Amino acid sequence: MNDLIPVPDDFEACVQHAVSQDHKAREIATRALERGVERVYLVGCGGSHFGTYPAFDLLDRYASGIATQRITSAELTSRNPVGLDERALVIAASHSGNTPETAAAAEFAKDKGALVASISREGENGLSCVGDVHLDYPETITITEPKLVHNAQLAAALLEHFGAPEKATELRAGIPALPGALRAVKDEVADVGERIAELLADAPLSYIVGGGPAYGMAKMMAWCYFQEMSWMNSAAINAGDFFHGPLEMVVDDATVITLVAEDASRPLGERVINFTERFTPNSAAVDTASFSLPGIPVEARPDLSVIALMSAERRVLDHVAARRGHDTSQRRYMYKVAY
């Protein structure tokens with residue numbers, strides 16, 4: 001089956017395009033330092049928002065000189081946080097660059113005096129015109145990984161200036177290897193992808209579980225890949241919350257997919273795996289510990305493995321779509337009706 005699901009020919013080139021823009025991340029971080037930035041807001045909708053979880057985790061754990069918050073685009077404008085001012089940096093992401101809520105959030109932040117870094121596809125769009133710095137990638141099917149790379153670059157650049165230069169050095173030692181490492185993931189996840197495709201082919205409902213930054217990956221899989229793109233009933237569950245209610249739904253016919261990386265939250269996911277393997281035959285796990293990640297230094301692997309997890313689950317979608325014969329570009333409502 002894997003041979004029938006081609007990986008885009010330009011996959012590594014697209015990721016490399018993002019890797020080569022590290023200087024832009026360094027530029028905005030330097031400007032943030034010079035301005036005395038105290039708060040960072042990671043802003044987006046849907047997948048662009050879920051993709052901020054790894055960067056948030058890094059900044060929240062290591063950047064002692066700034067406070068970081070992830071927030072959806074519409075929430076930023078409706079809540080108008082007290083810290084959204086000239087001492088704030090807003091990192092706004094949207095694939096098209098024209099997602100209405102995100103473009104509005106970037107403009108709102110700019111009007112408040114904040115620095116704005118934008119992430120979107122190449123070319124002129126709403127975000128590229130607003131951002132003080134614009135990090136881009138080619139218009140292609142490969143969009144998840146470049147956005148994650150840009151978020152990691154921005155996190156590393158901010159860590160360098162705001163309390164964790166050693167962690168920034170670790171990350172930067174591994175980021176250049178991501179194009180090849182993530183390409184290897186696409187092949188190495190094949191067996192798990194087929195296992196999950198088999199489980200989900202006729203499942204009326206699936207639970208996708210992840211802890212820490214992997215919870216953002218669980219949301220991406222359940223909400224974007226399965227609900228939006230596959231028209232399947234699926235729910236994302238935080239591994240930290242799993243044993244406070246959701247575990248009672250794990251019966252013989254329950255389908256549970258657990259996402260596990262190698263960061264500090266790994267024990268949360270391992271606990272879920274140990275439980276679900278005991279109580280349902282319909283369980284599977286995407287675990288980055290099984291991936292080779294060539295070129296990624298040992299010290300950088302725990303944090304960069306979360307990017308590999310996202311890349312792996314995007315490949316799992318290919319297997320699920322092939323098994324179900326579903327065109328993932330179809331939509332019932334998005335882009336078709338007013339809402």
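This is a predicted model: local features need pLDDT of at least 70, side-chain atom pairs count only at pLDDT 80 or more; totals for chains, interfaces and linings use all residues.
Started with Ser-311: leaving out residues up to four places away in sequence, I find it touching Phe-11, Glu-145, Leu-182, Val-185 and Lys-186.

I checked where Ser-311 sits, and it belongs to helix α14, which covers residues 301-324. Is Ser-311 buried or exposed? I get 0% relative accessibility, so Ser-311 counts as buried, the cut-off being under 20%.

Next I looked at what the Ser-311 side chain does. It makes a polar contact with the side chain of Glu-145, at 2.6 Å.

I also looked up Leu-268 against Ser-311. The two are 43 residues apart in sequence, and their C-alpha atoms lie 21 Å apart in space.

Moved on to the sheet. I see 4 strands in an open sheet, ordered β7-β6-β8-β9, with parallel pairing. Which strands stand at the edges? They are β7 (234-238) and β9 (283-287); each has a single partner strand, so one side of each is left without a neighbour in the sheet. From one strand to the next, I get an average twist of 20 degrees.

I then took one pair by itself. β6 (residues 206-210) joins β7 in the parallel sense over 5 bridges. In one bridge I looked up, Tyr-207 has Ala-235 of β7 as its partner.

Last, the helices on this sheet. Helix α11 (residues 190-200) packs on it and touches β6, β8 (255-260) and β9, with its direction at about 150 degrees to that of β9. Helix α12 (residues 214-230) lies across β6, β7 and β8, and I have it running at about 175 degrees to β7.

Technical notes:
Residues are numbered from 1 along each chain as its sequence is written. Side-chain values use heavy atoms; hydrogens and water are left out. Two strands pair if DSSP finds at least two bridges between them. Helices (H or I, at least four residues) and strands (E, at least two) are DSSP runs, numbered from the N terminus. Axes are lines fitted to C-alpha atoms, for helices over the stretch in contact, and angles run from 0 to 180 degrees between N-to-C directions. Contact means heavy atoms within 4.5 Å. Buried means under 20% relative accessible area, exposed over 50%, partly exposed in between (1.4 Å probe, protein chains only). A polar contact is a pair of N or O atoms within 3.5 Å; within protein, one must be able to donate a hydrogen and the other to accept it, and residues adjacent in sequence count only if both atoms are side-chain atoms.
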